[in-house]
Amino acid sequence: KLVGHRQWDSSTKPFKSDFEIVKTIAEEHDIKYVFAVDYVRRATSASQEFHSDDGLSSLDDLKGFYAERNMFPLLVTLPVFNDALTCYLISDLLVDECHFTPLGTEILANEIYTYIIENKMIENLNSTQTQEPISV
């Protein structure tokens with residue numbers, strides 16, 4: 001089962017991600033780069049841990065989960081959010097089970113920026129522009 005805003009029973013309804021729609025639109029409009037970002041959330045309302053889709057926590061399992069659903073290329077952010085828990089409370093990063101605070105959004109934005117730079121998704125960068133994410 002895929003867990004998100006509602007329980008998803010894949011045995012009765014096949015999973016089709018919104019990412020398939022995004023990829024189709026990108027292709028139709030000659031958009032060169034798109035990528036998926038994993039969904040992180042609080043494990044339970046009282047939990048001080050992050051979980052990803054279907055409660056998976058290993059990087060290989062997460063990549064496999066998304067690859068099976070044709071959601072790639074993929075940026076997995078679960079490890080960076082779990083690492084952030086060494087410095088912050090989960091309430092510093094999430095306002096509820098799945099919506100980020102400004103700090104959580106900043107961490108996510110830095111990860112996306114780094115992924116874009118490392119995967120050379122921005123062409124012809126001006127050499128005077130910074131390529132370092134902002135510090136959190």
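Colleague: Which residues do ring pairs link into a cluster?

Modeller: Ring pairs join Phe50, Phe81 and Phe100 into a cluster. Two notes first. This is a predicted model, where local features need pLDDT of at least 70 and side-chain atom pairs count only at pLDDT 80 or more, while totals for chains, interfaces and linings use all residues. Residues are numbered from 1 along each chain as its sequence is written, and side-chain values use heavy atoms, leaving out hydrogens and water.

Rings of Phe, Tyr and Trp (its six-membered ring) pair if their centres lie within 6.5 Å; planes under 30 degrees apart are stacked, over 60 edge-to-face, and the rest tilted. By this rule there are four aromatic pairs. The rings of Phe35 and Tyr115 have centres 4.5 Å apart and planes at 40 degrees, so this pair is tilted. Phe35 lies in the loop between helix H1 (18-28) and strand E3 (36-37) and Tyr115 in helix H5, so the pair ties together parts 80 residues apart in sequence. (Helices, H or I of at least four residues, and strands, E of at least two, are DSSP runs numbered from the N terminus.) Both Phe35 and Tyr115 are buried, meaning under 20% relative accessible area with a 1.4 Å probe, protein chains only.

Notes
Buried < 20%, exposed > 50% of the residue type's maximum accessible area, 1.4 Å probe, protein only.
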